[in-house]
Amino acid sequence: FSFFVVIDRSNMSAANGTSSSSSEGADLTRAPLRALAHSSEEATRVDAVSAMHKWLKRHPNLDLLDYMKLWKGLWFSFWHADKKAFQTIFAVKIVKLLEAIPEENQTTWMGAFWMTAQKNWTTLDRVRLDKYLLLVRIFLAETFAILKKKKWDPEFIAELNLMLRSAGPLRGHTGSSVAPFDPRKGERDGGKKREL
């Protein structure tokens, strides 16, 4: 299974947001990622992210593994984004995909981003480091915008904190070991809720 062999010309309805008669569940091989992987054209990449926004809205029941696969494609498409102005526009477009994620899955999507960033961070050379730091800054800004939109809901803050400590940038820097994050339940340590 090649991650980037995604859609073919005969099935462009998957990329342009129209529905097709597919079986229940999301088929990641139909996600609009081919243009991200195979096009060096800036407009094509931006259009592909817009198509992915529509695709994510139509597939609300994705899990962490699905989000990890999508973030892998987004991460490497950002790798090829040249020119500072386009990098900023493209980073914002990518980060704004969070708006297409159902509220109950937003921390899962964020966790997938942080896990992808951690997995691939050591592969960055000094030329690309600034570009990815820009992506991280925009991602953090959007995280705070979501918090503000949710009126700093303590439940969401607790869930976000758990994700950041177990899958995000605070993993391993909390002074204690943290069990793996279960994004569906917001639980750890055998299903016990964590007190803050």
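User: Why is Asp125 called partly exposed?

Analyst: Asp125 has a relative accessible area of 33%. Buried means under 20%, exposed over 50%, and partly exposed in between (1.4 Å probe, protein chains only), so Asp125 is partly exposed. This is a predicted model, in which local features need pLDDT of at least 70 and side-chain atom pairs count only at pLDDT 80 or more, while totals for chains, interfaces and linings use all residues. Residues are numbered from 1 along each chain as its sequence is written, and side-chain values use heavy atoms, with hydrogens and water left out.

User: What makes Asp125 and Arg128 a salt bridge?

Analyst: A salt bridge is a side-chain nitrogen of Lys or Arg within 4 Å of a carboxyl oxygen of Asp or Glu. The closest N and O atoms of Asp125 and Arg128 are 3.0 Å apart, so the pair counts as a salt bridge.

User: Which residues are linked with Lys96 in a network of salt bridges?

Analyst: The network links Lys96, Glu99 and Glu142. Glu99 and Lys96 have their closest N and O atoms 3.4 Å apart, and Glu142 meets Lys96 at 3.3 Å, N to O. Glu142 lies in helix H7 and Lys96 in the loop between H5 and helix H6, so this pair ties together parts that are 46 residues apart in sequence. Helices (H or I, at least four residues) are DSSP runs, numbered from the N terminus.

User: Is Glu142 buried or exposed?

Analyst: Glu142 is buried, because its relative accessible area is 10%. Lys96, at 32%, counts as partly exposed.

Conventions. Helix = DSSP H or I, 4+ residues; strand = E, 2+ residues; numbered from the N terminus.
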